[in-house]
Amino acid sequence: MNNPVTNGIDTTNLPDDKGYFGEFGGAYLPEQLQKVMDDVAKSYEEIVQDPQFLQELSDLRVHYVGRPSPVYHAKRLSDAVGGAQIYLKREDLNHTGAHKINHCIGEVLLARKMGKKKVIAETGAGQHGVALATAAALLGLECDIYMGAVDVRKEAPNVSRMKVLGARVVEVTRGTQTLKDAVDAAFEAYLADPVTQIYCIGSVVGPHPFPMMVRDFQSVIGVEAKKQFREMTGGLPDNIVACVGGGSNAMGIFSAFLDDPVAIYGVEPAGKGLDTDQHAATLTKGSVGILHGFKSFLLQDKDGEPLPVYSIASGLDYPGVGPQHSFLKTIERVNYVTATDREAVEAFYGLSRMEGIIPALESSHAVAYATKLAGSLGKDKSILVNLSGRGDKDIDFVMEHYPLVDYEPDEHCENAYQEFLSHIRVMVG
Ligand SMILES: *Cc1c(COP(=O)(O)O)cnc(C)c1O
């Protein structure tokens, strides 16, 4: 294949059968866990060819998740920016309010097919925990969610949601009592009993086959969006933008467009600035290493230990990134860019006020970059943003830390959107 948009590199049929996307991915595991992962990979290969499984997944997408999620032309926002037309793929309208339910239902269906009684996972802010607990309740499996004690205190509403949904929240009190310790505890629990339970990873990360499997379950986003966009406009979007934490919502939309003449942007969290140590811009600032059983770009110290990372959006706060993203960066198919906390908060308010849509702070990073990009392009160009989740979970935090007051219009701004934002800048100093 000699497709110029992929620089002549074949991006189809990846990963290879060992789980590699170029040099990235694979499975770096103790022997005992390797056998378990081989089992998962084999079962996955079987179910994706099983018409009954595919029908059940498809029915649940329609009748339970509420798919297809719409594509919406954000006209007021586009007009205010005065450049390219911005479209939103509304994953925020899914049951549970984000894209994570797409792969959690797939993973729990696989678990049931493999005869597992229980699904387990770690969670940081609790979003993956809630999505998995939801899918487990739906399909009648037990669910254990490992969560650092610090996070349990910080994220009380999500802890309650998981408990109401019937999950057992296992409080991890070792180490820093946060996400990394929760991952360690969940892995140990899995090793202790890999027969009756299965570990359900929350993004396109971890050892093979998870980066492939989670991408496949999320790829419904891009498949739908491509068809919907074509029906609305008669063509392809010129640009696609998604935020990147582990990278699942981004791979979900990117995967349908990799071979098309479409510019693709993955937006990483620049936190308080790329020149500080308070960000989680893995592809922008990281180096290649191994973490949690796979090879990818990482934010790591000189001994290969993951660095503490930070973002205003807890869902983007991860020192690694899915191996396919590392591959797409290396072959220069996808542009990895960043947005700061402040830009994300501005976009959070911007989209809320101009369209009546409150985006998750994670998704706000994508919106922020899209408005910047739109301003640099003509009105005949288009940008399709994956709006990965809704922002109800973030409103109290934003109102407390970034309050917004009414303002007098400022005449010195380039466009109505900049004018709106100029007042938020004043507010946060
Ligand atoms: C978890 C989460 C993300 C980040 O995860 P990815 O795997 O990078 O998609 C982004 N947006 C929302 C709303 C999330 O809940």
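Colleague: How many bridges join strand S3 to S4, and do they run parallel or antiparallel?

Modeller: S3 (residues 71–73) and S4 run antiparallel, joined by three bridges. Two strands count as paired if DSSP finds at least two bridges between them. Helices (H or I, at least four residues) and strands (E, at least two) are DSSP runs, numbered from the N terminus.

Colleague: And what am I looking at, before we go on?

Modeller: This is a predicted model, where local features need pLDDT of at least 70 and side-chain atom pairs count only at pLDDT 80 or more, while totals for chains, interfaces and linings use all residues. Residues are numbered from 1 along each chain as its sequence is written, and side-chain values use heavy atoms, with hydrogens and water left out.

Colleague: Back to S4. Which residue stands opposite Tyr87?

Modeller: His73 stands opposite Tyr87. S4 also pairs with strand S14 (residues 382–387), in the parallel sense and over six bridges. There, Ile86 has Ile383 of S14 as its bridge partner.

Colleague: How many residues of S4 are buried?

Modeller: Six of the six residues in S4 (85–90) are buried. Buried means under 20% relative accessible area, exposed over 50%, and partly exposed in between, with a 1.4 Å probe and protein chains only.

Colleague: Which ones point which way from S4?

Modeller: Gln85, Tyr87 and Lys89 point one way, and Ile86, Leu88 and Arg90 point the other way. In a regular strand the side chains alternate between the two faces of the sheet.

Colleague: Different topic. What is the strand order in the open sheet of four strands?

Modeller: The order is S7-S6-S5-S8, with parallel pairing. S7 (168–172) and S8 (197–199) are the edge strands, each pairing on one side only. Direction ignored, neighbouring strands of this sheet are turned by 25° against each other on average.

Colleague: How many bridges does S6 form with S7?

Modeller: S6 (residues 142–148) pairs with S7 over five bridges, in the parallel sense, and Ile145 is opposite Val169 of S7. S5 is joined to S6 by five bridges, also parallel, with Cys143 of S6 as the bridge partner of Val119.

Colleague: Is S5 mostly covered or open?

Modeller: S5 (residues 118–122) is mostly covered, with five of its five residues buried. Lys118, Ile120 and Glu122 point one way, Val119 and Ala121 the other.

Colleague: Now helices. At what angle do H4 and H5 pack?

Modeller: H4 (residues 100–113) and H5 (residues 127–139) pack at about 45°, with their axes 9 Å apart. That makes H4 oblique to H5. Axes are lines fitted to C-alpha atoms, for helices over the stretch in contact, and angles run from 0 to 180 degrees between N-to-C directions. Under 35 degrees counts as roughly parallel, over 145 as roughly antiparallel, 65 to 115 as roughly perpendicular, and the rest as oblique.

Colleague: What about H14 and H15?

Modeller: H14 (residues 341–355) and H15 (residues 361–375) pack at about 85°, with axes 7 Å apart. That makes H14 roughly perpendicular to H15. The contact (heavy atoms within 4.5 Å) includes Phe348 and Leu351 of H14 and Val367 and Ala368 of H15.

Colleague: One more: which residues of H13 are buried?

Modeller: Pro323, Gln324, His325, Ser326, Phe327 and Leu328 are the buried ones, six of the eight residues in H13 (323–330). Just after H13, Glu332 takes a positive phi of about 60°.
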